Amino acid sequence: MAEKILMKGNEALAEAAIMAGCRHYFGYPITPQTEVAAYMAKRMPRIGGTFLQAESEIAAINMVIGAAAAGKRSMTSSSSPGISLKSEGISYMAGCDLPGLIVNVQRGGPGLGGIQPSQSDYFQATRGGGHGDYHLLVLAPNSVQEMADLVFKGFDMSEKYRIPCMLLADGTMGQMMEPVALPERSAETIDKPWALTGTEGKRKPNIINSLALAPHELEEWNLERFKRYDIIRETEQMSESYLMDDAEICVVAFGIAARVSQNAVDTARAMGIKAGMIRPITLWPFPEKALKTAADQCKAFVSVELNMGQMIEDVKLSIECCKPVSLCCRTGGMIPTPDEVVAAIVKANEGGKQA
Amino acid sequence: MIVFEKPKALTDAPLHYCPGCTHGIIHRLVAEAMDSLDITGRTIGVASVGCSVFTYNYFNCDMVQAAHGRAPAVATGLKRADPSKIIFTYQGDGDLASIGTAETVHSAARGENITIIFVNNAIYGMTGGQMAPTSLPGQVTQTSPYGRDVNTVGYPVRICEMLSTLDGPCYLERVAVNNVKNVRHAKKAIEKAFRNQVEGKGFSLIEVISTCPTNWGKTPQAALEWAEQNMIPYYPLGVYKDKYSEEAGK
């Protein structure tokens, strides 16, 4: 295990991306993720990489498309309003089957919203965000350590399946400092015969494209992609269970909401309530299997979120609404207190309906 | 002795363009430049959105299709990923001068070492003839049915003139392909725009005055004449910036 050092989440993420072999970063300043760009601006020129401050979020994601098309590990990072601007490019990446990492250090919305932590881009991330029939791989870190670890995972999965990956953090994850052991591993190298590297007169041209005017052809492309989505749903669900062995009340939370909820679960246990928590790490694919298993033993679920209730829909779908699911949430950049989550657990335990 | 043959940098795919459209000539000139500089094997092209969306079927090199207006940003990513490759975009006026203005201006300002072929025919062709950023004052289109009224929709954008105010670009020239003389000159300009990149000189953009007989509602011959009489006076041909010859002249 590498020595632990104290780092800000955004910086740990940036350094991990470099360690994972990313040498092409394109971004645009926006709070609360600007440290990623600042870190890359310092590091990339020293290691022969590219840091480029684009003229817009739109340009940045399209630069990622260019570098990814050339077969290079590339990334961009932003925060909520910026991700909306990138959504066109993300849809093109999905349609072109291009890998790449998009980091969203979420802030409150809609509109210009605020700059405090939020999870209100859950729908946008897990449902694709842009136009068309597609998904992103969506990873949700809940510590500075995971800000680093999931970058490796994200790049690897993205290239393996040729699906863009979104690391969905929140302002807290980006801004807080924690001890982190940067992963001691080198980047996976994946063969990319589809990459645009020049024919050198030795092969037919490679074409990267999302246009198919014949509807049967476009349907075929989409069906092929959905076969990959099926494999991912089957094999890549990730979650962490906390005190779930005998749990009767299952809290579901990710990111900073999971950190708060863990304290609340401890408090509820001290009060004699058999509470536990499932923390989704992959938001897409959503850990349906873990939720479904929990539904066999638990009498109620509590979804804790920094939005007006978005993940709760996936919780209900996963357990096919067979148990009551209540919501404990704050929005606009506010974070629920442990006491608020405890109250929601108590209410769920007493058989209360929607909190 | 072969005196005329198809450039090797073009594939055998039949072009889908309307009869009389000058895209075919411009494709050929780009391919001839690639042949002449022997760069096809290390060239990556960026197709845009508009009539030229299918260029990825026509050039015999690696190609990527970009979102509307974003080709210069995609080209920037490609070039930064591997500066040894030759990167070009092929864009129309709606793509380059309207929805993609920011990408155009900033790739030029950065002096990206890429080549842009900008086809200006003063109309949106693929969507059926709407007003373009380069449509002339008074020009009748589907979305300016009474003629472009500059009092309500403003004036056309002259890209070469605008970009020439920047320090970033290396080479900006406006050419036309409406007659043999202009085609021969356009060929030289396009080749130079690619050679600049090979030599690492920086951003080159060639604006090509083109025609759209279908959406202009003219015969191919009349369209060529209309370009001569109306477009070229508004968009004067010539070199708008040539950094290296300017420096040599100092």
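Student: How many residues of domain 1 of chain A are in contact with domain 2 of chain A?

Tutor: A contact here means C-beta atoms, placed from the backbone, within 7 Å. In this predicted model, 27 residues of domain 1 of chain A are in contact with 22 residues of domain 2 of chain A.

Student: Which elements give two or more residues to the side of domain 1 of chain A that touches domain 2 of chain A?

Tutor: In chain A they are the helices α5 (122-126), α7 (171-175) and α8 (215-235), together with the strands β6 (137-139) and β7 (165-170). The largest share comes from α5(A), with four residues. By residue class, this side of domain 1 divides into 14 nonpolar, ten polar and three charged.

Student: How many residues does the contact take from chain B and from chain A?

Tutor: Chain B gives 28 residues and chain A gives 32. On the side of chain B that touches chain A, at least two residues each come from β1 (43-47), β2 (62-65), α3 (71-81) and α5 (101-109) of chain B. The helix α3(B) gives the most to that side, eight residues. The residues on this side of chain B are 14 nonpolar, seven polar and seven charged.

Student: Which strand of chain A is joined to β2(B), and do the two run parallel or antiparallel?

Tutor: For strands to pair, at least two bridges between them are needed. Strand β9 (residues 207-208) of chain A has two bridges to β2(B), and the strands run parallel. Within this pairing, I208(A) is opposite V64(B) of β2(B).

Student: Which residues have the most contacts inside the largest nonpolar core?

Tutor: They are V251(A), I345(A), I117(B) and V208(B), in a core of 184 residues. Helix α3 (residues 57-69) of chain A gives the largest share of this core, ten residues.

Student: Why does this core lie between domain 1 and domain 2 of chain A?

Tutor: It lies between them because domain 1 (5-194 + 225-234) and domain 2 (240-349) of chain A both give residues to it.

Student: What does I345(A) touch, not counting residues up to four places away in sequence?

Tutor: With those sequence neighbours left out, I345(A) touches I249(A), V251(A), A264(A), A268(A), I273(A), A275(A) and V302(A). One of these, V251(A), is also among the residues with the most contacts inside the core.

Notes
Residues are numbered from 1 along each chain as its sequence is written. Chains are lettered from A and ligands numbered from 1 in the order in which they are written. This is a predicted model: local features need pLDDT of at least 70, side-chain atom pairs count only at pLDDT 80 or more; totals for chains, interfaces and linings use all residues. Two residues are in contact if their C-beta atoms, placed from the backbone, lie within 7 Å. Ala, Val, Leu, Ile, Met, Phe, Trp, Tyr, Cys and Pro count as nonpolar, Asp, Glu, Lys and Arg as charged, and the others, Gly among them, as polar. A nonpolar core is a set of buried Ala, Val, Leu, Ile, Met, Phe, Trp, Tyr and Cys residues joined through C-beta atoms within 7 Å. A residue is buried if 20 or more other C-beta atoms lie within 10 Å of its own, exposed if 12 or fewer, and partly exposed in between; C-beta atoms are placed from the backbone. Domain bounds come from an automatic or database domain assignment.
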